[in-house]
Each structure stands twice: as structure tokens, then as C-alpha cells.
Amino acid sequence: MSNQSARFALRHAMTALGAATALALCAVPAQAGVPGVDFYVGAGIGQSNADISADDLGVSDFDKKDTAWKLYAGARALSFGAELNYIDLGKPSGGGAEFKYKAFAGYGLYYLPLPLPILDVYLKAGLARIDTKVPSADLSDNDTKFSYGGGLQLKFGSYAIRAEYEQFKVESAKPKLLTLGFSKYFL
């Protein structure tokens, strides 16, 4: 990774972290007036899988994995929630091609009613704007499409550890993401 791309990635990460922190700081006073609503922020790291079939780029059946990370913030009321995500799906490469994926996503969440207070199982669906860049072909594309996923989390007081799967539907591709995250709830 070159110094310029490392600075670019760090700048995006710091911007997203700043936005998540600002949302959390705004959420703390707002929570006091809304009983039964929990606000949270978190981060996760995992693996993305780029499943691409783009004949116009000279790539067919490109299926590579890379390290990915994300920042998220949301609110939960009983069995329903809303969440915003910034996702860096990495730079999968192989066979002379490299793709760079980043995404901003908004989800609605449904938490399954379970009798265990420390365990949550949830489903999520929403829209994701995927920014795709192909440096070798000097191409870039932005696409906003349906996204869905699910996960489970273990809660320890105001903290939670979550494992999550997401899939994105974009033109000529079906990127997938599997992450392990840590979140802080402002109860």
C-alpha cells in the first residue's frame, strides 16, 4: 500500500469515526427524553468477498476476498432499530484486476423476540451506496441498491460483541461482508 493510499484510507476512517462520535454525543442527551430507546456506536472488522462478473471490464467470474472494516451508529426501540454504516470492503485483486469498494448504508433492523436478555438475533434490510473503483481500467461507479443481512450479538451491560453478515446487490457484482464488531450502548 502506498503512502498516499494509506493517508487516504486513514482520512476516511477518521472522518467516519468523527461522524460516529458526533452522533453518539448528540444521542446521549436525546436519549434522556425518550424512554425505551437505546443509542449505540460501534466498529467491526472482518472479510469481504467480491463476486464480480463484468465482461465490459474483461473480468468474468472474479471471486476474491480481502480484509474489510466498518463503523456504525444506530438507535433501538424494543424490537425495531435503525442504523447507519460506513463500510470499507477492501481492495480485492487477482488476475490483473483490482477493485476498491466503499459503502454508506442505512438499515432498518428487526430484533427477534428471545427470552434471553444477553442475546440478540436480528435481521436488517436497507439501501447501500457502493462506490466501486477499478484503478487498472481507470473506471469508477456509484450504485445505490438494496442490501440485507443479519447477525447476533452478546450484550454485557452497555457493551456488546456482534457477528454479522451482509450482502449488497450492485450492477455486475454481489459483494458480501462478514464482520466481528464491538459496540457501546448509551442506555
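**Note on the predicted model**

1. Leu78 is exposed, with a relative accessible area of 73% (exposed means over 50%, buried under 20%, partly exposed in between, with a 1.4 Å probe and protein chains only). This residue is found in the loop between β2 (59–77) and β3 (80–90); strands (E, at least two residues) and helices (H or I, at least four) are DSSP runs, numbered from the N terminus. Leu78 is not a glycine, yet its phi is positive, at about 55°. Most residues other than glycine have a negative phi.

2. The model is predicted: local features need pLDDT of at least 70, side-chain atom pairs count only at pLDDT 80 or more, and totals for chains, interfaces and linings use all residues. Residues are numbered from 1 along each chain as its sequence is written, and side-chain values use heavy atoms, with hydrogens and water left out.

3. Pro113 lies in the loop between β6 (100–111) and β7. Pro113 counts as exposed, at 61% relative accessibility.

4. Asp120 lies in strand β7 (residues 119–134) and counts as buried, at 4% relative accessibility. Its side chain makes a polar contact of 2.7 Å with the side chain of Arg76, and another of 3.4 Å joins it to the side chain of Lys155. A polar contact is a pair of N or O atoms within 3.5 Å; within protein, one must be able to donate a hydrogen and the other to accept it, and residues adjacent in sequence count only if both atoms are side-chain atoms. Leaving aside residues up to four places away in sequence, Asp120 touches Arg76, Tyr111, Gly151, Leu152, Gln153 and Lys155 (contact means heavy atoms within 4.5 Å).

5. A nonpolar patch on the surface is formed by Ile118, Leu154, Phe156, Tyr159, Ile161, Leu180 and Phe182, together with about 680 Å² of accessible area. At least two of its residues come from each of β8 (139–156), β9 (159–168) and β10 (176–186); Phe156 lies in β8. Patch residues have over 30% relative accessible area and no salt bridge, and nonpolar side chains (Val, Leu, Ile, Met, Phe, Trp, Tyr) are joined within 5 Å, like charges within 9 Å. Areas come from the Shrake-Rupley method with a 1.4 Å probe, and only the protein chains shown count as cover for residues. A salt bridge is a side-chain nitrogen of Lys or Arg within 4 Å of a carboxyl oxygen of Asp or Glu.

6. Mean pLDDT (the predictor's confidence in each residue, from 0 to 100) is 78, and 65% of residues reach 70 or more. Over residues 27–33 pLDDT stays under 50.
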